[in-house]
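Please look through the sequence and the model before reading on.

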Amino acid sequence: MEIIKKIVQLEHKRWIIGSSLIALFLLLPIIFLFSNIFEIEQTAFVYLWKNLLLDYSFNTFYLIAITSFFALLFGIFPAWYVSNYKFKFRVFFDIALFLPLAIPTYIMAFTYSDLLSYTGPFQSFLRNNYPDLSDIFNKDYLQIEILGIILGLALYPYVYTASRVSFSLIGSTYINMSKNLGLSSTKLFFKVIIPLSKPAIFSGLFLVIMEVLNEYGAVKYFGVNTYTTGIFRAWFSMGNENTAIQLACLLIFIVFTILFLEKLSHKKSKFYYSANSKIEKLSTPTADKYLYIYSLCSLPFILGFLIPFFYILNNSILNIKNIDFSRLIDLSLNSIQVSTISTVLIIVTALLFLYVEKISKLKFNTFISQVTSLGYVIPGAVIGLGVILLFTKIPLLNSYSLVGSFYVLIYAYVFRFLAVGKSPIKSSLEKQPESYDETAKTLGLGPFKILQRIHFPINRLALITAFIVTFVDLLKELPITLILRPFNFDTLATQTYEFAIEEMMLESSSYSLAIILIGSVMLVFLKYVINKQINAS
Amino acid sequence: MKRVIIFISSILILSSCVETTKESNEINLYSQRHYKVDEKQYETFEKETGIKVNVVKANADELIERLKNEGDNSPADLFITVDAGKLQKAKDLDLLQKISSPIINQNVDIDLKDVNGYWIPITYRARIIVYSKDRVDVGELSTYANLTDKKWKNKVLVRSSSNAYNQALLSSIVANRGEEAATNWASELVKNFARDPKGNDRDQVKAITAGQGDLAIVNSYYIGLLLSSENDEEIKAGNSVGVFFPNQGEEESGSHINVSGIGLAKNAPNKENAIKLMEFLTSESAQKTYTNTSYEYPANPNVEPNEIIKKWGSFKKDILDLNQLGVFRNKAIEIFDKSGWK
């Protein structure tokens, strides 16, 4: 009774209850999945421990380490140069460095392994022209280290964007002061800029790590067994749900540990920087610096976008007589339609959770908001199966054959990608001072009006950012679409994948090209939005 | 208000793209096959009969989960796989029903049929050994078991044990020679690996051409695909290896084969149409299309295999009851895990 009384007395109770119900609805598949397994089956655990866990753990962490290293290398330095120096093609690089996000990781991996393979263009060219050199490069390129570099190339833009925004917001006061104190520009970078930007860089890196933990297509092809491939193998090949769920729990535990460690380090060294101090005018680099700038800015772009893009473009041209253009257009429309609808729903839901978190100031709502982000760390296929279980096993829901309808597909997308849509909105909402809400309240505006008339316009750019980032991610989505899609429904991603796993790179190329082009257009637009954001603050 | 409008309008847009699946003159497939040849076959079938073919394509195990959970409400008529083991698994879970059609009975090879009558074969593939023509004397090859000989140390290439074709091969060894022999075989073979298992079957052939190993265990149709590639370098790679059918001796079991097959879903809403499609797919004309496009062996004995694969000659098939490939699947995966075959 006490609790009910408390709830009745709560301010904004309708909002709190409403958002909690939606959260519960979103979490149902996972709750259902985990409640199916009440006890940890000991034999399964012993088997896992004895035979596989060491290999899975080593591969997972090693791959995360390599990918993170390259993502940081390719992300941070160019972001610093672009934010701080004046050089030719600066604006071009600022956009170009963003583009690898448009290429799905599995396409990047398939493309590079095809390019580098014995029968691929690189080795064939050497054999035909420089036979002496060809022996040196005749290597097995399907190695975990190479995979780490490829994933680093595909994912570094997350780090780049986060650091770029942060670097631009660091006021000139710090930079000038450091220079007056006699710090060299290298020292300035490592001693002042990097520590100040640590939270931002980490938020980018966190997304990179999530993507690596979730990666399936590329890791499987490279023969690297991670927790995620283990989940697939245990569940699908052996029909052993128990082992699969134990591994999934382990994945979630790792993610929480990473988040916790970050919070801890954040607490120890809290920095404040005033974003209002004048933004540093771009400095002109010294002559020898140009070399670093151009090589470090062009390398990630060339390797991460230009080479795979032109390889795929070339394949499409070679295959042009076999391209079924009407199908290509159909699938593009399918992809765009389903991504757009889901993205809109994701943004609305994300905004709701974050707003309720803001106005209620209850720990409970913060918790709810965080738990709904869990979808991003659970492998897509596991979510897909949880959703199937939910809609077929629960009375009322199972009376309609909902599985195989767009509703269920989109429901699964929303749960999986909510975190992606949330992160830009969250950081933007946090920046708004409380006084806005207070003033609006005194002026007699209700919570919905405050959201509509104040937060919607103020956070418009963040909303657009969230929309595009989510849209591009959905465009590339594969495992959920494969398992939950309706009859005769293909997307660009599923078609690309079906050809690519049969190593029909020529046939898959036009579909991958469409993904990359649509994604790139959106990302270029996004870059424009972000730059506006940087200039506005 | 805005939120409500967005929500309602998105639901409306959504509804507009949901196709009505109420027509009765259609058939619903859950298929693991995603080759171009399948689309071709369904198009021809639609033209000939006017029956619309609807397809969902995904991994076999995921489709089984979907079938299992949908239960009586499942819209699926047919379940199509590239592994008899998965058909057996579906039957074991009570997801299939018996198929009776004299036409299909007549169309397919008796050795490939399901003894219980729950599924039918449409094509089959052999898991063969390919070898470097430059570095291996074909006289030294004999059986799968022989691959564990010390002379092949650091020479054998094969893909990951997560792959269903390898799981089926090991299941057949468990069925034919028992668990202990299979365990020994797997652990000894791992010692002869030229590198950690990775890539797909074609990658193993390329690795032979590149000199990273001398022998590989692959599926027959991949060699056909390499030899008919549009990339000259791939054709060269295909030509640099020889094809060898293992276990051909009189006392031996024959080369391991597996079928791509179809099961009739237990609650198939369009059963008649489903049987018509199976009759069509096993007919001579459709069987010719299969072998000539995807280089699989036809399940219909009246149809000659494609020229490229015919050149390798005929071979003795392992006529083990193919359901055993499913029965021993978990055992096989356990052996892989313990032997360190990644």
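## Basis of the model

This is a predicted model, in which local features need pLDDT of at least 70 and side-chain atom pairs count only at pLDDT 80 or more, whereas totals for chains, interfaces and linings use all residues. Residues are numbered from 1 along each chain as its sequence is written, and chains are lettered from A and ligands numbered from 1 in the order in which they are written.

## The nonpolar core

The largest nonpolar core comprises 255 residues. Such a core is a set of buried Ala, Val, Leu, Ile, Met, Phe, Trp, Tyr and Cys residues joined through C-beta atoms within 7 Å. A residue is buried if 20 or more other C-beta atoms lie within 10 Å of its own, exposed if 12 or fewer, and partly exposed in between, with C-beta atoms placed from the backbone. In soluble globular proteins, nonpolar side chains tend to be buried together.

Residues with the most contacts inside this core include Ala109(A), Val159(A), Leu78(B) and Phe79(B). Leaving aside residues up to four places away in sequence, Ala109(A) touches Leu147(A), Ile150(A), Ala218(A), Tyr221(A) and Phe222(A); contact means that the C-beta atoms, placed from the backbone, lie within 7 Å.

## Helices of chain A

Helices (H or I, at least four residues) and strands (E, at least two) are DSSP runs, numbered from the N terminus. In chain A, the axes of α6 (residues 105-116) and α9 (residues 144-169) come within 9 Å and cross at roughly 130°. Axes are lines fitted to C-alpha atoms, for helices over the stretch in contact, and angles run from 0 to 180 degrees between N-to-C directions. The angle makes α6(A) oblique to α9(A); angles under 35 degrees count as roughly parallel, over 145 as roughly antiparallel, 65 to 115 as roughly perpendicular and the rest as oblique. On the α6(A) side, Thr105(A), Met108(A), Ala109(A) and Tyr112(A) take part in the contact.

Helix α13 (residues 227-237) of chain A is largely enclosed by the rest of the structure, because eleven of its eleven residues are buried. Among them are Tyr227(A), Arg233(A) and Trp235(A). The helix α13(A) is followed by Gly239(A), whose phi is positive, near 65°.

## Chain B and the contact between chains

The contact between the chains takes 54 residues from chain B and 47 residues from chain A. Helix α1(B) gives the most to the side of chain B that touches chain A, with eight residues. That side has 16 nonpolar, 19 polar and 19 charged residues, where Ala, Val, Leu, Ile, Met, Phe, Trp, Tyr, Cys and Pro count as nonpolar, Asp, Glu, Lys and Arg as charged, and the others, Gly among them, as polar.

Within chain B, α3(B) packs against helix α4 (residues 84-92) at an angle of about 15°, with the axes 10 Å apart. The two helices α3(B) and α4(B) are therefore roughly parallel to each other. Ala60(B), Ile64(B) and Leu67(B) of α3(B) make this contact with Lys86(B), Lys89(B) and Ala90(B) of α4(B).

## Two residues of chain A

Lys50(A) belongs to helix α3 (residues 42-51) of chain A and counts as exposed, with 11 C-beta neighbours inside 10 Å.

Tyr376(A) lies in the loop between α17 (363-371) and α18 (380-393) of chain A. With 23 C-beta neighbours inside 10 Å, Tyr376(A) counts as buried. Beyond residues up to four places away in sequence, Tyr376(A) touches Met210(A), Arg416(A), Ala419(A) and Val420(A).

Notes:
Two residues are in contact if their C-beta atoms, placed from the backbone, lie within 7 Å.
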